[in-house]
Amino acid sequence: MTTERPGSDDSTTVVRPRLTVVSGPSGVGKSSVLAEVRRMAPDLYFSVSATTRSPRPGEIDGTHYHFVDRDWFQRMIEAGEILEHAEYAGNHYGTPRGPVLTALDAGRPAVLEIELQGARLVRRAMPEARLVMLMPPSWEVLVDRLTGRGTEDPAVVERRLQVAREELAAAEEFDHHVVNADVRQAAADLVDLMVGPASGELTKPELTNPQGHLSTLEQSQ
Ligand code: 5GP
């Protein structure tokens, strides 16, 4: 499905709506950055995942997640209604397929905020998707953010750090890295990637793979 760019000087310009997958380790600030992306680009479609985990205080069913039980989740998979799914920290998470395809068909760029296994599955199912990893400015900052939250017990924090190590080790599988040193800047960079030019036309170095940043992270872990 393609759509004409509104207000384009060249009325024959055709823009294909893009599916962007945003991943990043726990504690990197995905929620804050994506909340800012929503403010900056309210027309994007943000997928609402299904999950078997329990709602946290303040989370609304149908807005933050579709909170479902395991049987329901399994039935959705069997009915082919799930685009990708993965288990994370003992719970199941999955992207409902229909709403994402409906948004793209209507010309709306769509955004999935999912973990690494799911990102890999989307890569396989929809190779045209753009995969972006949100990175911490340094490993120390990530550890501080995870331990400083004070809401999880130490075993949970340690498990999340282990998962974070694994996720960061996979950063090179992603098309782009955005460093979250400043929420507004990271959000602006993400919006560029979600609605901006195709990869070959990007010129800003931090929106392509910053190998220097990656090796700094690897050394400090
Ligand atoms: P949380 O429980 O903290 O909301 O999310 C835990 C992890 O699950 C996060 O890394 C989040 O990105 C990921 N996640 C949320 N929805 C989905 C989904 O639909 N599919 C996959 N694969 N991961 C998801």
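Ser 23 stands opposite Met 133 in strand S10. The model is predicted: local features need pLDDT of at least 70, side-chain atom pairs count only at pLDDT 80 or more, and totals for chains, interfaces and linings use all residues. Residues are numbered from 1 along each chain as its sequence is written, and side-chain values use heavy atoms, with hydrogens and water left out. Strands (E, at least two residues) and helices (H or I, at least four) are DSSP runs, numbered from the N terminus.

S3 (residues 19–23) and S10 (residues 130–135) pair in the parallel sense over four bridges. Pairing requires that DSSP finds at least two bridges between two strands. S3 is also joined to S9 (residues 110–113) by four bridges, and these two strands run parallel. Within S9, Ala 110 is the bridge partner of Leu 19.

Five of the five residues of S3 are buried. Buried means under 20% relative accessible area, exposed means over 50%, and partly exposed lies in between (1.4 Å probe, protein chains only). In a regular strand the side chains alternate between the two faces of the sheet. Both faces of S3 are covered. Leu 19, Val 21 and Ser 23 are buried on one side, Thr 20 and Val 22 on the other.

S3 belongs to an open sheet of five strands, ordered S4-S9-S3-S10-S11, with parallel pairing. S4 (45–46) and S11 (176–179) stand at the edges with a single partner strand each, so one side of each is left without a neighbour in the sheet. Helix H7 (residues 183–195) lies across S3, S9, S10 and S11. H7 runs at about 160 degrees to S11. Axes are lines fitted to C-alpha atoms, for helices over the stretch in contact, and angles run from 0 to 180 degrees between N-to-C directions. Contact means heavy atoms within 4.5 Å.

Another open sheet has four strands in the order S6-S5-S8-S7, and its pairing is mixed. S6 (66–67) and S7 (82–88) stand at the edges, each with a single partner strand, so one side of each lacks a neighbour in the sheet. S5 (residues 50–51) and S8 (residues 91–96) run antiparallel, joined by two bridges. Ala 50 stands opposite Gly 94 in S8. Helix H3 (residues 97–105) lies across S7 and S8, at about 30 degrees to S8.

The ligand is surrounded by 15 residues. A residue is near a molecule if one of its heavy atoms lies within 4 Å of it. The closest are Ser 49, Arg 53, Tyr 65, Tyr 93 and Glu 113. A polar side-chain atom of Arg 53 lies 2.6 Å from a ligand oxygen atom. For Arg 56, a polar side-chain atom lies 3.1 Å from an oxygen atom of the ligand. Thr 95 places a backbone N or O atom 3.4 Å from an oxygen atom of the ligand. The protein covers 92% of the 510 Å² of accessible area that the ligand has on its own. Accessible areas come from the Shrake-Rupley method with a 1.4 Å probe.

Asp 61 is found in the loop between S5 and S6. Asp 61 is exposed, with a relative accessible area of 52%. Leaving aside neighbours within four places in sequence, Asp 61 is in contact with His 66 and Phe 67. A polar atom of the Asp 61 side chain lies 2.8 Å from the backbone nitrogen of Phe 67. The C-alpha atoms of Asp 61 and Val 48, 13 residues apart along the chain, are separated by 9.6 Å.

Key:
A polar contact is a pair of N or O atoms within 3.5 Å; within protein, one must be able to donate a hydrogen and the other to accept it, and residues adjacent in sequence count only if both atoms are side-chain atoms.
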